[in-house]
Amino acid sequence: MIEVKDLSLKAGNFRLNSINLTINTGEFFVLLGPTGSGKTVLLEAIAGLKPLNKGKIIISGKDVTDKKPEKRKIAICYQDYALFPHMKVKDNITYGLRFQQDGNKLKYQENFELLVNLLKIEHILDRYPLFLSGGEKQRVALARALITDPDVLLLDEPLSALDAGIKETIEYKMKKLHQTLKTTTIMVTHNFREAYYLADRVGIIKGGNILQTGSVEEIFCHPKSLFVADFVGMKNLFKIEDIKNTFPLELESKAGYLGIRPENIFISDKPVKDAYCFKGRIINFINNGVYMQIDIESQGYIFTSYLTHNHYSQLNLTEGKEVFFGFYPKYMCLI
Amino acid sequence: MLNKKTELLFVISLFTGAIILLFITYPIINTFSLTKPALILEALQDREVLQSIYISMGAAAITTFISFLLGVPFAYFLARKDFKGKSLIESIIDVPIVIPHTVAGICLLTVLSPRCWFGRMLTNLGIEVLGTIAAIVIAMTFVSMPFLINTAKESFKWVSPRLENVSRTLGATHAQTFFLITFSLSWRDILGGMILTWARAISEFGAVIILAYHPMIAPTLIYERFTCYGMIYAVPVTAILIIISLIIFIILRIIASGRKEEIF
């Protein structure tokens, strides 16, 4: 388990403010936040690469706040992979072994073979990093980080520099790797889709402050602030005070906003029972590749829905067409 | 149209390049045309000539070694740390490059002569500096060390701190990381800086002559022969110094360029 207690630090003009986090052993924790929110600084602070102004870092019950990075059993993978350019892939992967003092060569040999097989990098072991693709570099960086059996793996936007196709492959391999090795992992990213796919739990960071932590379900379906809601892709955000006068919705008076994820808004050519269902007019289509974004106008409000291409073609939608749309009460998020 | 403009620019660049190459090579080649192999061989048997070349080469090598030992750790510090007054410190390091070298010699003399407490202390300790090889090394180091510090600093800056971070988290200490990663990636550039430092030290005259006319380094000998006996006696020694400097320079350049392109 990793515990970050009341961590504060100042790096240049940037400040992390009283960060408190608990990450359970074997968990895949994703720290989600926009560029410049302090994600990487926090990772580097956990790794011991940035000095703290205040606070504690406890790993597996031991206070490591004053320990040097090489004594923490933490591995880090950067967005730009940070492979050692003067070493071949094999030497990159085994770099950390020369510093391990337990002398368990057999275990590390097994780790090496397991990682090389899992990440399918056997054919590139004798190459220099210059001659690797982005995906290959990322796999090598992962193998290098994991070969020493770190207690914690820190991933700094590991997928952001990859092409879409390779990204999916690496995402899958990362998930598989985590399921196999169960290494406690903290990944930072600004992409909520990556968090949705990989995370056991998610934390949202902005301006050096943690805004919310929770399970994927909690963060994505029950965000506690408008920023979090918007950041995790909740498109339909309406002020309750305004919308309750227009649509007959049963809403708590305490909440300020209603949010509905776009994938939870259905479109139908007939009314749907047991759901809030309204009439609206299609005003816009956006083909996002894997799904269709449909904007529907109803009584001056615009609702956004995501449909699969299959569903979209079945509905035979055209711009200006009148449709029924709506959502089930369980998908309403009150903020 | 753009292509034509670009081509014209290349033509101008080529023309200016030709002028530069001619400007550098013609005087050197012409030096050899003014002497004969027999005179060069004769000069090579002259004890005074050989001794001055040994002193020049040796003092320049010691200078480079001292610059390396003192300069590389400091260059690493400057490359990695930002602090108040850093620009001032970097400017101070560059001062020896911008001041005239005879002025540098005078500045050093004011410290090493018995007029200064430091010079008096050395005298009291029985350490003779002025007029010795030590003075030559001091003068050479003063004017040439900035080249090594600046080259090493730029080279270290080029190595991403993230490589060092990864190395540290994989279990390497700061020192191990420096030698296995940072220095391993920078050594060719640092060697390039050492070549510059050595070359600058070999060519130093102004500061050295103030601190140590004797023992004579090759540039002092050439100056003396030129002023006392004329060009005909100065040219063979000049030719020898050019040949030796070029051979060492070329060998070191080949080592410094090495296999770098293949890896990066």
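Hi everyone. Please keep in mind that the model is predicted, so local features need pLDDT of at least 70 and side-chain atom pairs count only at pLDDT 80 or more, while totals for chains, interfaces and linings use all residues. Residues are numbered from 1 along each chain as its sequence is written, chains are lettered from A and ligands numbered from 1 in the order in which they are written, and side-chain values use heavy atoms, with hydrogens and water left out.

Let's start with empty space. Rolling a probe the size of a water molecule over the atoms shows where empty space is left. On a 1 Å grid over the protein atoms alone, a cavity is a set of points where a 1.4 Å probe fits but cannot get out; a pocket is an open set with protein on both sides within 12 Å along at least five of seven lines; and lining residues have an atom within 4 Å of a point. Points are joined across faces, edges and corners, and a volume is the space filled by probe spheres set on them.

How much space lies in the largest pocket? About 810 Å³. Helices (H or I, at least four residues) and strands (E, at least two) are DSSP runs, numbered from the N terminus. Helix 1 (39–47) of chain A and helices 3 (47–80), 8 (161–169) and 9 (174–202) of chain B each supply at least two lining residues. By class there are nine nonpolar, five polar and eleven charged residues; here Ala, Val, Leu, Ile, Met, Phe, Trp, Tyr, Cys and Pro count as nonpolar, Asp, Glu, Lys and Arg as charged, and the others, Gly among them, as polar.

While we are at helix 9 of chain B, look at B:T182, which is found there. Leaving aside neighbours within four places in sequence, its contacts (heavy atoms within 4.5 Å) are B:Y76, B:R80, B:F156, B:V159, B:E164 and B:T177.

Now the cavity. The count comes to one cavity of 30 Å³ or more, and the largest cavity holds about 80 Å³ of space. Among the residues lining the largest cavity are A:F28, A:L142 and A:H178. Which helix gives the most to this lining? That is helix 5 of chain A, with four residues. The lining divides into eight nonpolar, three polar and one charged.

Finally, the sheets. Two strands pair if DSSP finds at least two bridges between them. In chain A, four strands form an open antiparallel sheet in the order 2-1-4-5. Strand 2 (14–23) and strand 5 (62–63) stand at the edges with a single partner strand each, so one side of each has no neighbour in the sheet. Strands 1 (residues 2–11) and 2 are joined by seven bridges, and A:L7 has A:I19 of strand 2 as its bridge partner.

Another open sheet in chain A has five strands, ordered 13-17-14-15-16, again with antiparallel pairing. Strand 14 (residues 276–287) and strand 17 (residues 322–327) pair over six bridges, and A:K279 has A:F324 as its partner in strand 17.
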